[in-house]
Amino acid sequence: MSGATDLPRHELIAASWTQAGPTAPYAGRNWSPWTFERRVAGLRRAGFSGIGLVQEDLAYILANEAAGSSREAKLHWMREVLDREGLP
């Protein structure tokens, strides 16, 4: 019989509605009131390996949170946040 440490590690991705907080999917606010950085840090602490985003959430992050003057720079900022927290 193998111990718990012998079990395969499963990668868990937090779907958008799992970590977006108080939103109203398809009926109102579709973006999270919590910052992208806060959510990524929390997901890492909880053991998740990735984050799911809906289109409206991504658009909100790019328009209101991400650093950079171009779409490419803002996406690079998001990648840096993920890398800093160790999420692929």
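Here is a short tour, starting with confidence and then moving through the helices and the core.

**Before you click.** This is a predicted model, where local features need pLDDT of at least 70, side-chain atom pairs count only at pLDDT 80 or more, and totals for chains, interfaces and linings use all residues. Residues are numbered from 1 along each chain as its sequence is written, and side-chain values use heavy atoms, with hydrogens and water left out.

**Stop 1: colour by confidence.** pLDDT is the predictor's confidence in each residue, from 0 to 100. The protein chain averages 87, and 90% of its residues reach 70 or more. Look for α4, where the mean is highest at 97, and α1, where it is lowest at 84. (Helices are DSSP runs of H or I with at least four residues, strands are E runs of at least two, and both are numbered from the N terminus.)

**Stop 2: the largest nonpolar core.** Such a core is a set of buried Ala, Val, Leu, Ile, Met, Phe, Trp, Tyr and Cys residues joined through side-chain atoms within 4.5 Å. Buried means under 20% relative accessible area, exposed over 50%, and partly exposed in between, using a 1.4 Å probe on protein chains only. Select Phe 36, Val 40, Ile 51, Trp 77, Met 78 and Leu 82: of the 13 residues in this core, these touch the most other members. At least two core residues come from each of α2 (36–46), α3 (55–64) and α4 (71–85), and α4 gives the most, with 4.

**Stop 3: Val 40.** Which residues does Val 40 touch, leaving aside neighbours within four places in sequence? Show Ile 51, Val 81, Leu 82, Glu 85 and Leu 87; Val 40 is in contact with each of them, contact being heavy atoms within 4.5 Å.

**Stop 4: along α2.** The buried residues here are Phe 36, Arg 39, Val 40, Ala 41 and Leu 43. They pack against β1 (13–14), α1, β2 (50–51), α3 and α4. Just past the helix, click Gly 47, which has a positive phi of about 95 degrees.

**Stop 5: down the axis of α3.** Pick out the buried Asp 57, Ile 61 and Leu 62. Turn to the face pointing away from the buried side and you'll find the exposed Gln 55 and Ala 63.

**Last stop: Ser 16.** This residue lies in α1. Is Ser 16 buried or exposed? Ser 16 is buried, at 7% relative accessible area. Beyond its neighbours within four places in sequence, Ser 16 is in contact with Gly 52, Leu 53, Val 54 and Asp 57.
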